[in-house]
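User: I would like to go through this model and check what each label rests on. Please set each value against its definition.

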Amino acid sequence: MISGQDLRSRRLDVGISQFQFARRAGVSSAVVSAWELDKAYPKPPVARAVLTALSALEAAKREGTYAAPRKRSSGSSRARRATPVNVPASVARRAVAAAGSGAPTVLTAFSGCGGMAEGFRMAGFSVEGYIEVVPEARATFDRNFPGARCLGEDIRAIDEARVKDLLAQVDIDVLAGGPPCQGFSLAGRRDRDDPRNHLFRNLLELADLVKPKVVVMENVRLLLSMKDPDGGMVVDRILGEMAARGYDASVNTVNAQDYGVPQFRERVFIVATRRDSGIGPLRFPPKTHGVNGVAPLRTFRDATVDLAPLESGQACETDPLHWAVEHPEHVLRWLRDVPEGMSAHDNEDPAMRPSSGYNTTYKRLRWDEPASTVGTTFGMISASRNVHPKHTRSLTVREAARLQTFPDDYVFEGKWGAVRTMIGNAVPPQLASVLAGEIKKALG
């Protein structure tokens, strides 16, 4: 029986992916992967099938009758748009049932691709309108909420007459939004003078215009430690301006994993109720997942186990969002033997460690724990905790969307870089739905 290294070398010489080769041989990718890593050897009948398939491919290559399958792009300007298979972009809209008569209403600003809105829709709200400056995110929102009105692009330049006209027959119960967090986040410069830190005022100015009963503002946890240019706390400035407008607010620090999201994701939700609404104070509801009698945390395995197994450069033929970036061979060598939860920086052989980065980079997730925070760089194998627990590659778009709890029928519009950014920046719909359900009860 040939060694795993020889098997892999001969397969790569043919030019076929591990996934496609396993299909031709009639075995699972796991069998081929274990053999190539010299971790396990198949029983003789399986081994014969694999070697027969390999010999047939080598013969076809020698005769010039075999063409290696094309691999997917990693996201260049030529990448195919992320719309459903065989559905023209002009008509690819998501089919969702309209909210029932008398359903509470929500308007979202800084809407992104619609994570917050999807959570409110799941809780029974009617999504009436949205404001979003990024074209791809606007297009995505429009595809998934065909009944919602676009009230404008830049919240700093809203046409008040247009907003009043579009909402003339609608009372808005909830205004929800997540102003850009780059100025507050460790992932950005955390610059107290960053003009994006003050976009919350534009959200409150919109509240002055539409007069919702409830205002929801979402942001990163580090908002709570950010100071403004005058040395005061940004969160105190936000609460003070809400109070001046007649709203009483609560500050809620939550972790998405505690509410059924298969991902560690800490966020702050400021929930403000208008004093004359009769609703009273609102807080994020108690945890639904974790320990002490609630449901178990949802894990990476829970969210993705039914997806096709893929290695670097492979693609699922039935799911256009489930395809793996092709990574450099030297990076794959660093990571192939790294166990789940560990990093290539932990390799005993210094030659098998990356030359730069931290031990949170080139790191595998764990199957039976929630994933780490899904960011906008989840397609980069060198970014923080983006390596699949078993397969040697970064996360696919489908896996990231699942970890963010977007339903599989959610339509994402734009090139791959834009889609990754939208997913990484989104509020997990499942997390938003928990708060939306609490607000709906309060609204009666």
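User: Among contacts in the protein chain between residues at least 6 apart in sequence, what share joins residues at least 24 apart?

Analyst: The share is 65%. A contact here means heavy atoms within 4.5 Å. This is a predicted model, in which local features need pLDDT of at least 70 and side-chain atom pairs count only at pLDDT 80 or more, while totals for chains, interfaces and linings use all residues. Residues are numbered from 1 along each chain as its sequence is written, and side-chain values use heavy atoms, with hydrogens and water left out.

User: How do you know that the span of helix α4 agrees with its number of residues?

Analyst: The expected span is 1.5 Å times one less than the number of residues. Helix α4 (residues 44-63) has 20 residues and should span 28 Å; its end C-alpha atoms are 28 Å apart, so the span agrees. Glycine 64 follows α4 and has a positive phi, near 80 degrees.

User: Which residues of α4 are buried, and what puts them on the same side?

Analyst: Buried means under 20% relative accessible area, exposed over 50%, and partly exposed in between (1.4 Å probe, protein chains only). In α4 the buried residues are Ala47, Val50, Ala53, Leu54, Leu57, Glu58 and Ala60. They cover an arc of only 165 degrees around the axis, and therefore lie on the same side of α4; the arc is that of the directions from the helix axis to the C-beta atoms. The buried residues pack against α1 (4-14), α2 (18-25) and α3 (29-36). Pro45, Arg48, Thr52, Arg62 and Glu63 are exposed on the other side.

User: Why is threonine 405 called buried, and why is arginine 385 called partly exposed?

Analyst: Threonine 405 has a relative accessible area of 14%, so it falls in the buried class. Arginine 385 has 30%, so it is partly exposed. Threonine 405 lies in the loop between α12 and α13 (416-425), and arginine 385 in the loop between α11 (329-335) and α12 (397-403). Phi is positive in threonine 405, near 70 degrees, and in arginine 385, about 50 degrees, although arginine 385 is not a glycine.

User: Which elements do the buried residues of α6 and α13 pack against?

Analyst: Those of α6 pack against β1 (105-109), α5 (115-122), β2 (126-131), β3 (149-152) and α13. Those of α13 pack against α6 and α12. In α6 (residues 135-144) the buried residues are Ala137, Arg138, Thr140, Phe141, Arg143 and Asn144; in α13 they are Trp416, Val419, Arg420, Met422, Ile423 and Gly424.

User: Why is valine 170 called buried, and which residues is it in contact with?

Analyst: Its relative accessible area is 17%, so valine 170 counts as buried. Leaving aside neighbours within four places in sequence, valine 170 is in contact with Thr105, Glu128 and Arg149. Valine 170 is found in the loop between α7 (160-166) and β4 (174-177).

User: What makes leucine 223 buried?

Analyst: A relative accessible area of 2% puts leucine 223 in that class. Leucine 223 is found in the loop between β5 (214-220) and α9 (234-244).

User: How many disulfides does a search of the whole structure find?

Analyst: The search finds 0, a disulfide being a pair of cysteine sulfur atoms within 2.5 Å. Cysteine 113 is buried, with a relative accessible area of 1%, and cysteine 316 is buried at 13%.

Conventions. Helix = DSSP H or I, 4+ residues; strand = E, 2+ residues; numbered from the N terminus.
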